[in-house]
Amino acid sequence: MSKPDPEKTVGNVHEALSRPLFNPVLKVTVGEGKLDYEIYLRTADLLRLQTPRSELVDADELMFQVVHQAQELWLKLLAHEVAEVVDDLDGDRLWEVTARLDRAVRITHCLSHELRVLETLTPDTYQVIRRHLGNGSGQESPGYNAVRVAASYVAEALDRLLARHEVALADVYAGLRPELKRVCELLVDLDEGYQTWLFTHYLLVRRTIGVGRDVAALDGVPTQILVGRMTQPLFRALWAVRNQLTAEWRREGGLPPGADREARVPA
């Protein structure tokens with residue numbers, strides 16, 4: 001068995017990673033902020049936004065900070081994509097609407113999956129990090145608030161779209177305008193992805209600090225209110241129409257379980 005290399009301790013590895021690195025394929029030094037990739041993405045600025053290792057209150061604090069910063073970047077992109085949908089809806093550019101909404105839905109999936117990384121943070125470690133967060137709250141998130149505002153504009157643009165086509169939501173779901181139903185269903189997908197992200201965050205809070213009337217977030221608000229927040233949709237009308245369709249539903253026209261379906265006369 002080979003002896004451990006004393007030059008490859010944890011401290012030495014971190015020291016090596018803190019310096020510019022030589023890329024053997026390109027035969028250049030990476031990390032000085034001078035290469036086109038680094039200049040375009042502003043990696044020098046981006047990678048300075050985290051607390052230096054020497055100042056971390058716990059080794060897991062870097063993970064906590066990076067995930068939250070990445071969440072804000074995804075939320076910025078999500079708000080941008082949702083805002084772009086407004087002009088496309090107003091211009092009746094439905095292909096563009098569906099393409100952009102498909103992208104937005106995938107972004108919500110990224111947000112939820114990314115939060116799962118934070119689930120590796122144990123409650124005791126988080127309590128150490130939590131002492132250094134002030135009164136910070138997810139309600140203060142610029143991205144979270146931007147998405148909600150952008151979505152409110154989309155909801156109004158959808159109303160204008162339906163008004164121009166002189167069709168109600170219930171009529172869309174009756175099959176009169178399948179292309180509009182596709183748009184509506186993608187908006188529901190977006191809303192579901194957004195609410196799934198909030199639910200994932202709720203579970204994260206539950207496993208780190210707990211949920212209850214006597215458990216307060218750093219802003220002093222009981223964590224129990226998260227239950228209500230995660231069920232508040234972005235597009236209320238698209239969920240309300242489900243209630244309407246169900247209220248208008250009748251049993252007549254169906255077949256009893258086990259009935260001969262081949263003998264049924266086509267409608």
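**A walk through the model**

Modeller: Happy to, and let's start with arginine 42: its relative accessible area is 55%, so arginine 42 is exposed (exposed is over 50%, buried under 20% and partly exposed in between, with a 1.4 Å probe and protein chains only). Please keep in mind that this is a predicted model, where local features need pLDDT of at least 70, side-chain atom pairs count only at pLDDT 80 or more, and totals for chains, interfaces and linings use all residues. Residues are numbered from 1 along each chain as its sequence is written, and side-chain values use heavy atoms, with hydrogens and water left out.

Colleague: Where does arginine 42 lie, and what is its phi?

Modeller: Arginine 42 lies in the loop between helix 2 (36-41) and helix 3 (43-46). Helices here are DSSP runs of H or I with at least four residues, strands are E runs of at least two, and both are numbered from the N terminus. Although arginine 42 is not a glycine, its phi is positive, at about 55°.

Colleague: Is aspartate 92 buried, partly exposed or exposed?

Modeller: Aspartate 92 sits in the loop between helix 4 (61-90) and helix 5, and has a positive phi of about 55° without being a glycine. Its relative accessible area is 35%, so aspartate 92 is partly exposed.

Colleague: How many helices and strands does the protein chain have?

Modeller: From the N terminus on, the elements run α-β-β-α-α-α-α-α-α-α-α-α-α. That makes 11 helices and two strands.

Colleague: What radius of gyration does the protein chain have?

Modeller: The C-alpha atoms fill a box of roughly 85 × 50 × 45 Å along the principal axes. A compact globule of 267 residues would have a radius of gyration near 18 Å, by the rule of 2.2 Å times the number of residues to the power 0.38, taken over C-alpha atoms. The protein chain has 25 Å.

Colleague: How are helix 5 and helix 9 oriented to each other?

Modeller: Two packed helices are described by the angle between their axes and the distance between the axes. For helix 5 (residues 94-118) and helix 9, the axes come within 9 Å and cross at roughly 10°; axes are lines fitted to C-alpha atoms, for helices over the stretch in contact, with angles from 0 to 180 degrees between N-to-C directions. Angles under 35 degrees count as roughly parallel, over 145 as roughly antiparallel, 65 to 115 as roughly perpendicular and the rest as oblique. Helix 5 and helix 9 are therefore roughly parallel.

Colleague: And how are helix 9 and helix 11 oriented to each other?

Modeller: The axes of helix 9 (residues 178-208) and helix 11 (residues 236-247) come within 9 Å and cross at roughly 110°. Leu238, Trp239 and Arg242 in helix 11 meet residues of helix 9 including Cys184 and Gln195, where contact means heavy atoms within 4.5 Å. Helix 9 and helix 11 are therefore roughly perpendicular.

Colleague: Which residues does serine 112 touch, leaving out those up to four places away in sequence?

Modeller: Serine 112 lies in helix 5. With 10% relative accessibility, serine 112 counts as buried. Beyond four places in sequence, serine 112 touches Gly193, Thr196, Trp197 and Thr200.

Colleague: What does glutamine 71 touch, again not counting residues up to four places away?

Modeller: Glutamine 71 is in helix 4, and at 6% relative accessibility it counts as buried. Its partners are Leu111, Glu114, Leu115 and Trp197.
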